[in-house]
Amino acid sequence: MDFSSRLLLLLDVVELGSFTKVSEQRNVDRSVISKHINRLESELGVRLLNRTTRSLALTAAGKEMMNQASALRVLLSETHRLAQNYHAEPKGILRITSTTLFGRQYVQQAVVAFQQNYPDVEIELRLDDRVTDMVGEGFDIGIRIGKPKNSSLITRKIARDRLLIVASPSFIEKHGDIHTVQQLEALPAAVYAAPGLILDKFGYLDENEQHQHLQLNVAYKVNDVEIIKKAAVSGNMLAVVTAQMIENEVLDGQLIPIMTHVKLDDFGTFYAVYPHRDAPIKTKLFIDTLKTIVGEDVPVWESNIPHFDALYAGAHSHNGR
């Protein structure tokens with residue numbers, strides 16, 4: 001391991017918080033990590049870390065070296081990226097992060113199609129519903145709902161994702177036709193919930209074009225969107241879902257869109273995000289592939305809901321939030 005590699009190792013140690021985590025990530029013995037950090041301190045002639053059995057803390061010199069290590073990582077990444085742009089054919093590793101359900105449904109299809117055309121590209125796909133640090137975790141592409149708060153990232157729109165309210169035939173038979181927001185709010189519903197987040201309130205325009213919110217009567221909280229859909233299919237409760245979540249359930253009659261006269265807000269828009277405007281050709285080609293699979297104008301998932309463009313005041317939804 002040369003000097004620059006040891007400097008990057010210091011960065012890993014500080015970011016992960018322990019020698020043990022770095023050794024697990026790199027699949028080497030913890031003593032090897034300690035040895036190289038000691039060697040780096042010896043080469044520089046300064047202590048970089050104050051170590052106890054429980055914690056690590058950077059010294060003043062260590063903080064300066066961390067800044068240098070961060071700049072070095074960015075420089076090396078930029079150098080590799082620029083070199084990749086000179087390949088006639090895409091090569092190397094393409095690291096992608098995506099929301100879980102969208103990744104299973106569409107990113108995986110794009111991976112298969114992309115690697116058929118560009119077999120020299122190795123792809124790593126991570127499915128995760130948390131917000132990923134694209135640059136810090138070294139991803140080339142991220143697929144997310146909504147534009148990222150980090151304005152330095154480049155975005156490309158993939159597709160809109162509209163809302164609908166669904167219930168099973170047995171649920172409707174039990175509770176009768178549902179025509180008003182008040183009726184809807186009194187009935188049991190399944191909702192998505194995760195630490196610090198619960199999606200039990202949705203915006204719409206009333207008959208006076210005033211923005212309002214409908215508040216679901218929560219009977220079931222779960223942190224998996226597919227289970228929300230299955231809960232609605234079971235007939236015990238209704239659900240507000242996104243069009244992207246629907247596969248054949250509406251076509252097969254397992255779920256029926258209800259309250260279709262309500263002018264629901266859009267849920268959001270899927271975007272591909274990446275760190276650099278002059279991204280490697282493999283990045284741009286993969287996003288092109290994904291866009292082809294999802295649909296250029298109208299997302300393919302809307303074809304799973306007959307006449308969906310006319311439901312929930314489609315024109316309002318397209319203009320969304």
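Gly 92 is located in strand β3 (residues 92-98) of this predicted model, in which local features need pLDDT of at least 70, side-chain atom pairs count only at pLDDT 80 or more, and totals for chains, interfaces and linings use all residues. Residues are numbered from 1 along each chain as its sequence is written, and side-chain values use heavy atoms, with hydrogens and water left out. Strands (E, at least two residues) and helices (H or I, at least four) are DSSP runs numbered from the N terminus. With a relative accessible area of 31%, Gly 92 is partly exposed; in this scheme buried means under 20% relative accessible area, exposed over 50%, and partly exposed in between (1.4 Å probe, protein chains only). When neighbours within four places in sequence are left aside, Gly 92 is in contact with Asp 120, Val 121, Glu 122 and Lys 282, where contact means heavy atoms within 4.5 Å. Gly 92 and Val 13 are separated by 79 residues in sequence and by 26 Å in space, C-alpha to C-alpha.

Apart from neighbours within four places in sequence, the contacts of Arg 144 are Thr 97, Ser 98, Thr 99, Asp 128, Arg 130, Val 131, Thr 132, Thr 269, Phe 270 and Tyr 271. Between Arg 144 and Gly 196 there are 52 residues of sequence separation and 19 Å in space, C-alpha to C-alpha.

Attention then turns to the helices. Helix α1 (residues 3-16) has 14 residues, which at 1.5 Å a residue should span 20 Å; the end C-alpha atoms are 20 Å apart, in agreement with this value. The expected span is 1.5 Å times one less than the number of residues. The buried residues of α1 are Arg 6, Leu 7, Leu 8, Leu 9, Leu 10, Leu 11, Asp 12 and Val 13. Just after α1, Gly 17 adopts a positive phi of about 90°.

Helix α2 (residues 19-26) packs against α1, with the two axes coming within 8 Å and crossing at roughly 115°. Axes are lines fitted to C-alpha atoms, for helices over the stretch in contact, and angles run from 0 to 180 degrees between N-to-C directions. The crossing of α1 and α2 is right-handed; a crossing is right-handed if the near helix is turned clockwise from the far one by less than a right angle, and left-handed if anticlockwise. In this contact, Leu 8, Leu 9, Asp 12, Val 13 and Leu 16 of α1 meet Phe 19, Lys 21, Val 22, Gln 25 and Arg 26 of α2. These residues divide into 6 nonpolar, 1 polar and 3 charged, where Ala, Val, Leu, Ile, Met, Phe, Trp, Tyr, Cys and Pro count as nonpolar, Asp, Glu, Lys and Arg as charged, and the others, Gly among them, as polar.

On α3 (residues 30-44), α2 packs at an angle of about 115°, with the axes 8 Å apart. The helices α2 and α3 are therefore roughly perpendicular to each other; angles under 35 degrees count as roughly parallel, over 145 as roughly antiparallel, 65 to 115 as roughly perpendicular and the rest as oblique. The passage of α2 across α3 is right-handed. Phe 19, Thr 20, Val 22 and Ser 23 of α2 and Arg 30, Ile 33, Ser 34 and Ile 37 of α3 make the contact, which by class has 4 nonpolar, 3 polar and 1 charged residues.

The axes of α5 (residues 100-117) and α9 (residues 281-294) come within 9 Å and cross at roughly 120°, and α5 and α9 are therefore oblique to each other. Their crossing is right-handed. By class, the contact of α5 with α9 has 12 nonpolar, 2 polar and 1 charged residues.

The loop between α9 and α10 (314-319) contains His 307, and Tyr 312 is found in this loop as well. Most residues other than glycine have a negative phi. The phi of His 307, however, is positive, near 60°, and that of Tyr 312 is positive at about 55°. His 307 counts as exposed at 68% relative accessibility, whereas Tyr 312 counts as buried at 0%. Pro 299, also in the loop between α9 and α10, is buried with a relative accessible area of 2%. Beyond neighbours within four places in sequence, Pro 299 is in contact with Ala 159, Arg 160 and Val 294.
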